[in-house]
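Me: I have a structure open here and would like to talk through some of its packing with you. Can we go step by step?

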Amino acid sequence: RSAIVFHRLGRSLAATKSYRDAAEALDRAIQLDAKLDSAKRDRVRVENQNKGMEAAIALASDMIKASPDEATGYSLSGDLYFSGKRFVEASKHYAKALERSPSGAIVAKFYQSQLRAGKPVEGRKALETWIKSHPDDHEVRFLYASALIGMKDFKGAISENEALLEKFPKNAALLNDLAWLYGEIKDERAVPYANRAFKLQPKSA
């Protein structure tokens, strides 16, 4: 059998709460394909469901020891710490994951953990650094725009939202945010933008 077959079997068993059998199937999948990150994620999830967070963290730590140059174990550890509201530890693990395999998804998680750890400036800098080298990562740019609003950097938020609106001219959420931001700085464009948002999505405006 292939790693994918065992992975599918493990997921099916987990869905029926047959956690021990699911763990065995997922372990077999990982043995057959050590690069199958989705199986590793499911394996940690099963451990968490069956034995609790500390056991899942220990398993993720074992994955880090087995493959210290890969991001997966660090990212999974970060997810576990984040779900347990241990945001400082989550940030440290996401940072290590970023060092090994940079991605917009992990940058976003790093930002969220830094924000909840009381370090919004450090989190925002990570978003800015990523955007400079990945200007077309719009998911991160939307998050960055939200971060600027949260920090009351209205000038920066307007600039970022205007840039995004050029790419997504019919996005009602962007128009709503810009209408609100213009209102905060007493800019006469507030009402026209609110009207544009209303015409696109009346229930959201």
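What follows is a short exchange about a few helices, one loop and some ring contacts.

Me: Before anything else, what kind of model is this?
Reply: This is a predicted model, and the values below are computed from it.

Me: OK, helix 9 then. What end-to-end span should it have, and what does it have?
Reply: Helix 9 covers residues 138–150, and at 1.5 Å a residue its 13 residues should span 18 Å, which agrees with end C-alpha atoms that are 18 Å apart.

Me: Which of its residues are buried?
Reply: In helix 9 the buried residues are His 138, Val 140, Arg 141, Leu 143, Tyr 144, Ala 145, Ala 147 and Leu 148.

Me: And what covers them?
Reply: The cover over the buried residues of helix 9 includes helix 7 (104–116), helix 8 (120–133) and helix 10 (154–167). Just after helix 9 comes Lys 152, which takes a positive phi of about 60°.

Me: Helix 7 came up there; what do its buried residues pack against?
Reply: They pack against helix 5 (72–83), helix 6 (87–100), helix 8 and helix 9, and the buried residues of helix 7 include Ile 106, Val 107, Phe 110 and Tyr 111. After helix 7 the chain reaches Gly 118, where phi is positive, near 85°.

Me: Switching topic: where is Asp 187?
Reply: Asp 187 is in the loop between helix 11 (172–184) and helix 12 (190–200).

Me: Buried or exposed?
Reply: Asp 187 has a relative accessible area of 18%, so it counts as buried, the cut-off being under 20%. A polar atom of the Asp 187 side chain lies 2.8 Å from the backbone nitrogen of Arg 189.

Me: Now rings. How many aromatic pairs are there?
Reply: The structure holds 4 aromatic pairs. Phe 82 counts as partly exposed at 24% relative accessibility, whereas Phe 87, at 16%, counts as buried.

Me: What about Phe 154 and Trp 180?
Reply: Phe 154 and Trp 180 also form an edge-to-face pair, at 5.5 Å centre to centre and 85° between the planes. This pair links distant parts of the chain, with Phe 154 in helix 10 and Trp 180 in helix 11, 26 residues apart. Phe 154 counts as buried at 17% relative accessibility, while Trp 180 is partly exposed at 41%.

Me: Last one: what sits over the ring of Tyr 193?
Reply: The charged end of Arg 196 sits over that ring, 5.0 Å from its centre.

Notes. Residues numbered from 1 in each chain as written. Predicted model: local features only at pLDDT ≥ 70, side-chain atom pairs only at ≥ 80, totals over all residues. Heavy atoms only, no water. Helix = DSSP H or I, 4+ residues; strand = E, 2+ residues; numbered from the N terminus. Expected span 1.5 Å × (residues − 1). Buried < 20%, exposed > 50% of the residue type's maximum accessible area, 1.4 Å probe, protein only. Contact = heavy atoms within 4.5 Å. Polar contact = N/O pair within 3.5 Å; in protein donor to acceptor, adjacent residues only side chain to side chain. Phe/Tyr/Trp six-rings, centres within 6.5 Å; stacked < 30°, edge-to-face > 60°. Lys NZ or Arg CZ within 6 Å of the ring centre and 35° of its normal.
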